[in-house]
Amino acid sequence: MQLKLLVLRCKNITDSVHFYEKIGLKFDHHQHGNGPLHYSCTLGATVLELYPLLKQQKEADYSTRLGFEVENLNVLIEELRATGVAIIQEPKESEFGCFAVVKDLDGRKVELVAV
């Protein structure tokens, strides 16, 4: 079994796309019929989609935690810091490798693991 789809609802979808592009993802615009404009990215067998909030939502669900492998972790952390991204955990070694944790613009924790 493989994870095929993950959808994140975002308060400001344009800014969220920019955040995730900074960590190395590449998105395409999508729209299905009369549905909302959203962004899609393929990661292996998984499609990650960023959608605007539903009409009844005031805030995005920030309890989801994501993790991505990235190159040049220390450089990326400094670039993110320079743009005002909240760094929750500075890069550190663990039994799972070197990682850091940042917050995306909706408050979700995003773990960045050095390749």
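Reply: What follows goes from the chain as a whole to its aromatic rings.

The model is predicted: local features need pLDDT of at least 70, side-chain atom pairs count only at pLDDT 80 or more, and totals for chains, interfaces and linings use all residues. Residues are numbered from 1 along each chain as its sequence is written, and side-chain values use heavy atoms, with hydrogens and water left out.

Start with the fold. The protein chain has two helices and eight strands. Here helices (H or I, at least four residues) and strands (E, at least two) are DSSP runs, numbered from the N terminus. The order from the N terminus is β-α-β-β-β-β-α-β-β-β.

Next, the overall dimensions. The C-alpha atoms fill a box of roughly 45 × 35 × 20 Å along the principal axes.

Contacts and burial come next. Take contacts (heavy atoms within 4.5 Å) between residues at least 6 apart in sequence: 53% of them join residues at least 24 apart. Of the 115 residues, 37% count as buried. Buried means under 20% relative accessible area, exposed over 50%, and partly exposed in between (1.4 Å probe, protein chains only).

Now the rings. The whole structure holds two aromatic pairs. Rings of Phe, Tyr and Trp (its six-membered ring) pair if their centres lie within 6.5 Å; planes under 30 degrees apart count as stacked, over 60 as edge-to-face and the rest as tilted.

F19 is buried, at 3% relative accessibility. Y20 is buried too, at 0%.

The other pair is Y20 with F68. Here the centres are 6.2 Å apart and the planes at 65°, so this pair is also edge-to-face. It links distant parts of the chain. Y20 sits in helix α1 (residues 13–22), F68 in strand β5 (residues 65–70), and 48 residues separate them. F68 has a relative accessible area of 13%, so F68 counts as buried.

Together, F19, Y20 and F68 form one aromatic cluster.
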